[in-house]
Amino acid sequence: MRRPLRGALLKVIYPLLMLAGGFSKNFKERLQALTISMNNRLVMNEGLKVKKLLILLPHCLQRDECKIRITTDIYNCARCGKCEIKDIIDISEKFGIKLSVATGGNLARRIVSDLRPDAIVAVACERDLSSGIADSFPLPVLGICNERPFGPCRNTRVDLGRLKWAIESLAGKGK
Ligand code: SF4
């Protein structure tokens, strides 16, 4: 019963909200955040415990002066600790979960189609996250909005506590 509700939210209500919010960027962003929050609640209510969980991250979490290419393989990261990529790799290893970085919607779709996860924990801005969650339906996605202390798409951050909560919710406790 929960999945049809999620479908109604993502395939009917969300497009209508985006039409309604078209006149104001801020208002639209609030509607996107609301959609993500309602989606998360519905996913949580499904009570899923999945085997193959994927964590999907935006490239802008990487420190902008870092020259290491992590989009092809996030494990190229030297783990210097100047950005949260190091912490997220540590978390993913603790939980034994796949981790990928996407530079945009097309790459994210390709990663999902290659890895075929049972569920996703995704980090991104409200716009990319809400559209990605809607595109991915019926795949369950828990979305976490990034923090943007330097403005969009640059040196963004994520609440690591929320990330762990999302992983534990879908994949159970870490080792
Ligand atoms: S932790 Fe250090 S090496 Fe890894 S991506 Fe961030 S800045 Fe680059």
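Start with helices α2 and α5: α2 passes α5 in a left-handed crossing (left-handed if the near helix is turned anticlockwise from the far one by less than a right angle, right-handed if clockwise). Keep in mind that this is a predicted model, where local features need pLDDT of at least 70 and side-chain atom pairs count only at pLDDT 80 or more, while totals for chains, interfaces and linings use all residues. Residues are numbered from 1 along each chain as its sequence is written, and side-chain values use heavy atoms, leaving out hydrogens and water.

**Stop 1: α2 and α5**

Select residues 25-45 for α2 and 126-136 for α5; their axes come within 9 Å and cross at roughly 45°. Helices (H or I, at least four residues) and strands (E, at least two) are DSSP runs, numbered from the N terminus. Axes are lines fitted to C-alpha atoms, for helices over the stretch in contact, with angles from 0 to 180 degrees between N-to-C directions. The pair is therefore oblique (under 35 degrees counts as roughly parallel, over 145 as roughly antiparallel, 65 to 115 as roughly perpendicular, and the rest as oblique).

Now show side chains. From α2, Glu29, Gln32, Ala33, Ile36 and Asn39 meet Glu126, Arg127, Leu129, Ser130 and Ile133 of α5, contact being heavy atoms within 4.5 Å. That contact splits into 4 nonpolar, 3 polar and 3 charged residues; Ala, Val, Leu, Ile, Met, Phe, Trp, Tyr, Cys and Pro count as nonpolar, Asp, Glu, Lys and Arg as charged, and the others, Gly among them, as polar.

**Stop 2: the sheet**

Switch to the strands. You'll find an open sheet of 4, ordered β2-β1-β3-β4 with parallel pairing (two strands pair if DSSP finds at least two bridges between them). At the edges sit β2 (98-102) and β4 (141-145), each pairing on one side only. From one strand to the next, the twist averages 20°.

Zoom in on β1 (residues 53-58) and β3 (residues 119-124), which run parallel and are joined by 4 bridges.

**Stop 3: a cis peptide**

Follow the loop between α5 and β4 to Pro138. Phe137 and Pro138 are joined by a cis peptide bond, with omega about 15°.

**Stop 4: α3 and α6**

Select residues 85-95 (α3) and 160-171 (α6): here the axes come within 11 Å and cross at roughly 20°. That makes α3 roughly parallel to α6, and their crossing is right-handed. Asp87, Ile88, Ile91 and Phe95 of α3 make the contact with Leu160, Leu163, Lys164, Ile167 and Glu168 of α6. By class, 6 of these are nonpolar, none polar and 3 charged.

**Stop 5: the ligand**

Finish in the loop between β1 and α3, the place of Arg79. Check its backbone: Arg79 isn't a glycine, yet has a positive phi of about 60°. Then show the 13 residues around the ligand, of which Cys66, Cys77, Ala78, Cys80 and Cys83 come nearest (near is a heavy atom within 4 Å). The shell has 7 nonpolar, 2 polar and 4 charged residues.
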